[in-house]
Amino acid sequence: MTVNPSWVLRSHPTAMPTPDNWTLEDRAIPDAVDGELLVKTMWLSVDPYMRGRISPAKNYAAGIPLGGLMKGGGIGEVIASNSPDFKPGDVVISDYFGWQPFSTIPAGSAKIVDTVSAPAQAALSYLGMPGLTAYFSLLKTGAPKEGETVLISAASGAVGQIAGQIARIRGLDPVAIAGTDTKVAWCKELGYRAGINHRTSTDLVGDVAAACPNGVDVFLDNTAGPLHDAAMLNLNTFGRVVIVGTIALADKFDKPDIGMRHLRQTLITRARIQGFLLDDFEEDYTNAAADLLSWHQQGLLKTREDIAEGIEAVPGAFVRMLKGENFGKQLVKL
Ligand SMILES: NC(=O)c1ccc[n+]([C@@H]2O[C@H](COP(=O)([O-])OP(=O)(O)OC[C@H]3O[C@@H](n4cnc5c(N)ncnc54)[C@H](OP(=O)(O)O)[C@@H]3O)[C@@H](O)[C@H]2O)c1
């Protein structure tokens, strides 16, 4: 182990990323300049959006340049602070952690983590980005009405596991799509009424129809790909399709997304198809996080984490999540 082993982007993946797209470089522990914090990393989050950050293609946020330090969400302890808002010993969360044991982060990006109400890493899962994404994509963009059928892909994952349980809490009828029988069984334990294993299904359209006998009113599309087509072909009149993520395109990220065209289907159903970005809901985060915490404390929200350990494990944890080998929110503990 070197002083501050840091993962640097070595090449842009042209297919499914592999750990070889990064290289581990020895770096010095950085100094925090004005307005920065030096933090000791406790947890790193590996998330699907990072697939876009390692692509040269246009995206909603700037990518990591070749030779650049890989960055993402993390939680750490403040070692030195050049901001009046933080002091050594504070535990903070930020989207600007390097994939390294010691990072400098802009103080303006950091928030203190409440480690009393929940373990620190909850801020990277059900109390943070995935939980808030589930909350707003379902309840705001999906605009469900009581009793409606909500179909959710990547249903056992960080977003999907929370979305299904919120649907149940709100009197909806959640149906899961997940990638193994074990994941489907766990989704049912969480409160999903039915589930489909998309990796063993030979007839996705028929399986969605069977699992959703009243049709699909809201589709939380966490994946794109063939699951999207199967949901579209089962959509009810005035259905709502929320495009939350496109992880099924991880191995063909920079290539055209070729599949069925649904213009006729959209016309017939008068469906609303809307892209979702969590950042658009920032002003309501506090209330949503309070709901999520309260549901968890009441035992209404169960969660599952998949934890890898050590700085060496970070790229591998990211890639296995893209391939669906994670079971629950993928985190790396340092
Ligand atoms: N728009 C936003 O603001 C926002 C914010 C957060 C997350 N998201 C999106 O939400 C989605 C879920 O993110 P997450 O953090 O909760 O990840 P996750 O579900 O914990 O992990 C990703 C899962 O995607 C599934 N998957 C991978 N390849 C697939 C394929 N070809 N077809 C179908 N499913 C596939 C796998 O589950 P199975 O084994 O079940 O297939 C895998 O476990 C991602 O697309 C992410 O980009 C969007």
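Residues are numbered from 1 along each chain as its sequence is written. Because the model is predicted, local features need pLDDT of at least 70, side-chain atom pairs count only at pLDDT 80 or more, and totals for chains, interfaces and linings use all residues. Helices (H or I, at least four residues) and strands (E, at least two) are DSSP runs, numbered from the N terminus.

**H2 and H3**

Two packed helices are described by the angle between their axes and the distance between the axes. The axes of H2 (residues 129-141) and H3 (residues 158-169) come within 8 Å and cross at roughly 45 degrees. That makes H2 oblique to H3. Oblique is what remains once angles under 35 degrees (roughly parallel), over 145 (roughly antiparallel) and 65 to 115 (roughly perpendicular) are set aside. Residues are in contact if their C-beta atoms, placed from the backbone, lie within 7 Å. On the H2 side, the contact includes Pro-130, Tyr-135 and Leu-138. On the H3 side, Ile-162, Ala-163 and Ile-166 are among the partners.

**Leu-301**

Leu-301 sits in the loop between helix H8 (285-297) and strand E14 (305-309). A residue is buried if 20 or more other C-beta atoms lie within 10 Å of its own, exposed if 12 or fewer, and partly exposed in between. Leu-301 counts as buried because it has 23 C-beta neighbours inside 10 Å. Its contacts, leaving aside neighbours within four places in sequence, include Ile-162, Gln-165 and Trp-295. The C-alpha atoms of Leu-301 and Ala-163 are 9.9 Å apart, though 138 residues separate them along the chain.

| Helix | Buried residues | Packs against |
|---|---|---|
| H4 (residues 181-190) | Lys-183, Val-184, Trp-186, Cys-187, Leu-190 | H3, E9 (173-178), E10 (194-197) |
| H9 (residues 314-322) | Val-314, Pro-315, Ala-317, Phe-318, Val-319, Met-321, Leu-322 | E1 (4-9), E2 (22-27), E3 (36-45), H1 (50-53), E14, E15 (329-333) |

The buried residues of H4 are Lys-183, Val-184, Trp-186, Cys-187 and Leu-190. They cover an arc of only 160 degrees around the axis, which puts them on the same side of H4. The arc is that of the directions from the helix axis to the C-beta atoms. On the other side of H4, Asp-181, Thr-182 and Glu-189 are exposed. H9 is mostly covered, with seven of its nine residues buried.

Methods
Axes fitted to C-alpha atoms, helices over the stretch in contact; angles between N-to-C directions. Contact = placed C-beta atoms within 7 Å.
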